[in-house]
Amino acid sequence: MRGLTRWPHVPMDIGDSMSRRADELYQVEDAPLNEEGLIELAVLPLRDVVLYPNMVTPLFVGHDPTIGAVEDAARRGETMIAVAQIDAQVENPAEKDLYRVGTEVAVSRLLHLPDGATSVLTQGRRRVQIVEYLHDASYLRARAKPVEEGARRSKEIMALMRAVLALFERCIRLNRSLPEEAYVYAVNIEDPGWLADMIASTLSLSIAERQSVLETFDPIQRLQRISVLLGQELEVLELEDQIHNRVQSEVDRYQREMYLREQMKAIQSELGETDVWTQEIAELRERISKLELPEEVEARALKEVQRLSQMPPMSPEVGIIRTYLDWLLELPWSESSEDNLDLRHVARVLNRNHYGLKKAKDRILEYIAVRSLAAERQRQPILCFVGPPGTGKTSLGRSIAEALGRRFVRVSLGGVRDEAEIRGHRRTYIGALPGRILQGMRRAGTVNPLFMLDEIDKLGVDFRGDPSSALLEVLDPEQNHAFSDHYLEIAYDLSKVMFITTANTLDPIPPALLDRMEVIEFPGYIEEEKLIICHKFLIPRQVEQNGLRLDEVQFSDEALRSIMRQYTWEAGVRNLEREIGKICRKLARRKAEGRKPIERITPSVVSRLLGPPQIMPREAEKEDQIGAATVLAWTEGGGDTLAVEVLLVEGKGGLQVTGQIGDVMQESAQAALSYVKSRAGDLKVDPEVFDKYDIHIHVPEGAIPKDGPSAGITMATALASALTGRPVRREVGMTGEITLRGRVLPVGGVREKVLAAYRLGLRVVILPEKNKKDLVDVPRKARRELDIRFVRHMDEVMEIALKPRPKGRARTTARARKEKGSAPRSVGAQGS
């Protein structure tokens with residue numbers, strides 16, 4: 001059975017049938033009490049409803065036993081006990097499924113409605129507390145005790161009733177579903193218990209809360225309970241009212257704007273003018289039609305314009321769509337610049353702006369030559385300029401763009417850790433924008449600019465993604481014709497872009513990314529090359545920037561060499577130009593102050609203007625030493641030289657290698673020692689030395705990390721010198737990896753290492769035989785002034801580097817050392 005709560009009064013327009021049924025209710029008398037003060041009546045189970053005394057409520061009946069009970073009660077003129085079910089889902093409720101407190105109700109005859117439902121009208125009489133349930137053959141009956149609710153009116157009760165009525169009035173004003181007649185009805189109720197029941201029947205309460213009110217027998221407590229429930233309901237209604245008012249104000253504002261806008265349209269139409277918003281949409285459509293956009297892009301742009309035209313101008317979505325359209329229409333889709341294919345012009349521009357860099361210039365000239373012969377079949381080169389800082393990588397890219405007549409775009413990738421920096425953010429994010437690639441293309445304005453990705457070896461990786469992985473698509477000619485940006489969501493063609501990347505070293509670049517680029521190395525400059533660069537580029541630029549004239553200042557070659565050796569010591573020329581600029585600024589100050597100008601810059605003037613030397617240049621050994629050899633090393637700043645020192649001390653035959661040495665170099669030291677041990681007989685070294693003495697190998701400048709296998713032959717030479725007492729020639733520098741059998745393997749960085757030997761003033765350089773091919777990159781002057789020896793085996797190295805044992809020097813044996821009491825000798829020099 002399903003029950004629906006109605007108002008406590010019967011409306012006047014319920015019809016003649018309903019009126020007759022209501023009259024029947026008032027004719028039914030309450031059930032008489034037996035000797036025990038109890039009443040015995042049929043039970044009317046209720047679903048989702050609680051009936052209160054004095055309330056007239058129509059119910060719908062659908063359960064057959066309940067229908068029979070109602071018909072019997074109506075026929076006999078008896079009342080029934082209406083009890084709410086604990087669980088409304090139970091179809092056939094038993095004793096445990098019903099509450100123990102209910103209401104005695106009078107019922108009318110059943111009314112069969114046209115839709116097949118069965119209705120009964122009920123009137124609550126009094127509260128009853130069920131004592132026991134009786135099981136009849138067809139329906140449930142119960143014995144119950146009526147509850148007396150008498151309460152005398154007092155000032156306290158009157159005040160409480162007035163407070164409850166005030167709260168109820170506020171609820172009715174805020175709750176649009178409650179009629180004002182309900183308040184009028186409540187004002188006319190004088191009994192506090194009846195008032196509480198009436199208000200409880202109108203509030204939106206759960207069945208448990210309604211039953212709790214029904215089970216509160218004391219009218220005063222029941223009224224207080226209703227007061228609390230009214231307060232809670234009032235809070236909810238006030239919040240609903242605030243929300244409704246806020247929504248209504250927004251709706252009213254939009255309606256007002258729309259009304260005013262329609263008025264504006266009507267006025268503008270009468271004046272022959274157009275709406276600003278409509279005019280802007282029309283301009284966008286016209287702009288799209290004039291641009292030569294690809295079919296997919298044009299369709300997407302028109303679709304977004306259509307969405308934009310259907311939105312109010314003040315909608316937040318308008319700004320997002322408009323920004324997207326601006327990016328879509330401002331990106332170059334077909335505009336391109338014409339390449340200058342004049343080889344002589346390109347060569348002239350490159351030589352005018354840069355000295356040397358033959359490999360890079362030749363590659364650009366080859367590209368132009370092929371483009372002039374097979375422009376349609378040629379792919380754009382993707383070059384990677386690798387070299388020390390200050391060697392002209394970025395500036396050469398700008399010169400290439402100038403020579404070709406292309407727009408130049410530079411993007412620095414140093415410190416970029418977010419993949420979205422390359423691919424952009426999706427439009428779902430607030431403030432989303434395309435990635436740096438498309439931003440650069442928008443700045444370029446053409447589909448074929450020269451795009452420089454600077455410092456590609458400085459890319460980072462964190463939880464936001466791997467930017468180097470996103471660059472795989474950008475720098476792959478097989479994929480970049482359909483580059484996907486998360487913001488644009490349309491394939492963009494990058495195949496006509498000439499990409500040039502720069503890096504100081506290749507080690508941090510992922511192999512997959514490195515494989516997509518053509519590497520061109522930028523070696524460091526030797527002093528002669530730096531002198532030419534200074535006179536041709538650096539000095540004129542700094543003199544002009546500092547307000548001087550070339551005829552007012554002259555730098556001597558000796559002064560420039562002093563700056564190179566004592567103030568910069570670099571493979572490039574960036575710091576060299578900075579020091580020249582510092583000198584020019586000091587000369588400009590003297591000129592501005594009216595002091596006597598310095599027309600010629602000499603080493604003494606350099607020392608006076610720049611202060612004490614900042615770098616002590618490394619010097620070769622003054623004399624041949626025992627246990628010390630010079631190794632040629634490669635660094636990011638170019639080539640360098642290091643000393644390798646060996647010391648023998650009494651011990652147990654251990655080996656110690658210091659100087660912040662890496663794992664590979666540690667293994668090279670072990671291999672060198674093993675080789676020397678295997679050749680102890682040929683070197684005339686007593687094998688007992690290796691058991692009685694500890695060997696300490698040290699590479700000075702311990703604050704600088706060192707690693708790599710190329711110091712293997714140098715450590716072996718120093719070990720052989722210390723064990724045999726044969727001095728190492730001071731003018732010899734060497735590099736090469738050693739094996740346990742004494743073979744000398746090739747190494748990298750030959751050009752930088754040979755130039756380091758040339759700068760240090762060495763005369764002999766020992767290189768592996770297989771590195772002979774690398775001499776092509778070494779400047780001719782360095783090759784001419786150095787005696788470069790190529791070796792295959794360690795025996796050849798010792799024959800070149802070690803001098804004969806001094807006359808009268810005994811064979812190195814443990815016994816001889818012990819008898820003479822001589823301490824092992826540690827000889828080695830370290831350059832600054």
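Start by selecting His 354, Gly 390, Thr 391, Gly 392 and Ser 395: of the 24 residues that line the second largest pocket, these lie nearest its centre. The elements contributing two or more residues to that lining are helix 13 (393-404), helix 18 and helix 20. A pocket here is an open set of points on a 1 Å grid over the protein atoms alone, where a 1.4 Å probe fits, with protein on both sides within 12 Å along at least five of seven lines; lining residues have an atom within 4 Å of a point. The space in the second largest pocket comes to about 580 Å³, a volume being the space filled by probe spheres set on the points, which are joined across faces, edges and corners.

Colour the lining by class to see eight nonpolar, ten polar and six charged residues. Ala, Val, Leu, Ile, Met, Phe, Trp, Tyr, Cys and Pro count as nonpolar, Asp, Glu, Lys and Arg as charged, and the others, including Gly, as polar.

The model is predicted: local features need pLDDT of at least 70 and side-chain atom pairs count only at pLDDT 80 or more, while totals for chains, interfaces and linings use all residues. Residues are numbered from 1 along each chain as its sequence is written, and side-chain values use heavy atoms, with hydrogens and water left out.

Next select helix 20 (residues 574-593) and, with it, Glu 552. Lys 591 and Glu 552 form a salt bridge, at 3.0 Å from N to O. Lys 591 belongs to helix 20 and Glu 552 to the loop between helix 18 (527-545) and strand 14 (554-555), so the pair ties together parts that are 39 residues apart in sequence. A salt bridge is a side-chain nitrogen of Lys or Arg within 4 Å of a carboxyl oxygen of Asp or Glu; helices (H or I, at least four residues) and strands (E, at least two) are DSSP runs, numbered from the N terminus.

Glu 552 is buried, at 19% relative accessibility, whereas Lys 591 is partly exposed, at 41%. Buried means under 20% relative accessible area, exposed over 50%, and partly exposed in between (1.4 Å probe, protein chains only).

Glu 579 is buried at 11% relative accessibility, and Lys 582 is partly exposed at 30%.

Move to helix 12 (residues 358-373), where Asp 362 and Lys 358 are four residues apart, about one helical turn. Their salt bridge has its closest N and O atoms 2.9 Å apart. Lys 358 is exposed at 60%, and Asp 362 is partly exposed at 29%.

Then select Arg 300, Glu 304, Arg 307, Glu 317, Arg 427 and Glu 489, which are linked in a network of salt bridges. The count of salt bridges comes to 50.

Keep Glu 489 selected: this residue is not a glycine, yet its phi is positive, about 60°. Glu 489 sits in the loop between helix 16 (467-474) and strand 12 and is partly exposed, with a relative accessible area of 39%.

Select the open sheet of five strands, with order 10-11-12-9-13 and parallel pairing. Strand 10 (408-412) and strand 13 (518-521) stand at the edges with a single partner strand each, so one side of each is left without a neighbour in the sheet. Two strands pair if DSSP finds at least two bridges between them. Within the sheet, strand 9 (residues 382-386) and strand 12 (residues 498-503) are joined by five bridges, and Val 386 has Ala 503 as its bridge partner.

Strand 8 (residues 140-146) comes next, with six of its seven residues buried. Strand 2 (residues 39-46) runs antiparallel to strand 8 and is joined to it by four bridges; Ala 42 stands opposite Arg 141. Strand 7 (residues 118-135) is also antiparallel to strand 8, with seven bridges, and Gln 129 is the bridge partner of Lys 145.

**Last stop**

Finish at helix 25 (residues 750-760), where ten of the eleven residues are buried, among them Arg 751, Glu 752 and Lys 753. Gly 761 follows helix 25 and has a positive phi, near 90°.
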